[in-house]
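I'd like to walk you through one model today, so let me put it up on the screen.

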Amino acid sequence: MRLRFQDQVRGRTVIDATGRALGAVDEIYLDGDTLQVEGLRVKLRNDIADELGVPHRAFHPGLIDVPAQHVQALGDTVVLRVDVRTLWQPPVSPEPEPAPAP
């Protein structure tokens, strides 16, 4: 029965708190002991992945994980309570070390 739920939710559109369609549900993470939903993996649209700086390629979409506490509603679409930009921060490049003085 749980697997059927996952199959029914996979592919549903995910919308953030600003009303933007981000992509679709790719996977659901369940707690192994309680079988409660811990989070979702979202397959991002290419334009959203580009905007956020999430790596993706032609056959490998950009993916982000959304903790369950950020999901406001689950119906025909999945509505998040937060702006997607709060869920993904691009990796920060380390500051280059200053060159030694000659």
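Let's start with Asp83: leaving aside neighbours within four places in sequence, Asp83 is in contact with Asp16, Ala17, Thr18 and Arg20, where contact means heavy atoms within 4.5 Å. Before I go on, this is a predicted model, so local features need pLDDT of at least 70 and side-chain atom pairs count only at pLDDT 80 or more, while totals for chains, interfaces and linings use all residues. Residues are numbered from 1 along each chain as its sequence is written, and side-chain values use heavy atoms, with hydrogens and water left out.

Back to Asp83, which is found in the segment after β6. Helices here are DSSP runs of H or I with at least four residues, strands are runs of E with at least two, and both are numbered from the N terminus. Is Asp83 buried or exposed? Asp83 is buried, because its relative accessible area is 16%; the cut-offs are under 20% for buried, over 50% for exposed and partly exposed in between, using a 1.4 Å probe and protein chains only. The Asp83 side chain also makes a polar contact with the side chain of Arg85, at 2.6 Å. By polar contact I mean a pair of N or O atoms within 3.5 Å; within protein, one must be able to donate a hydrogen and the other to accept it, and residues adjacent in sequence count only if both atoms are side-chain atoms.

Zooming out, the chain has 2 helices and 6 strands, running α-β-β-β-α-β-β-β from the N terminus on. Of its 102 residues, 26% count as buried.

Now the core. Which residues touch the most other members of the largest nonpolar core? Leu44, Ile64 and Leu80 do, out of 20 residues in that core. A nonpolar core, by the way, is a set of buried Ala, Val, Leu, Ile, Met, Phe, Trp, Tyr and Cys residues joined through side-chain atoms within 4.5 Å. The elements giving two or more residues to this core are β2 (21-30), β3 (37-44), α2 (46-52), β4 (63-67) and β6 (77-80). Not counting residues up to four places away in sequence, Leu80 touches several residues, among them Val14, Leu22, Val66 and Leu87.

Last stop, strand β2. Ile28 counts as buried because its relative accessibility is 8%, whereas Leu30 counts as partly exposed at 31%. Ile28 and Asp7 are 21 residues apart in sequence and 9.3 Å apart in space, C-alpha to C-alpha.
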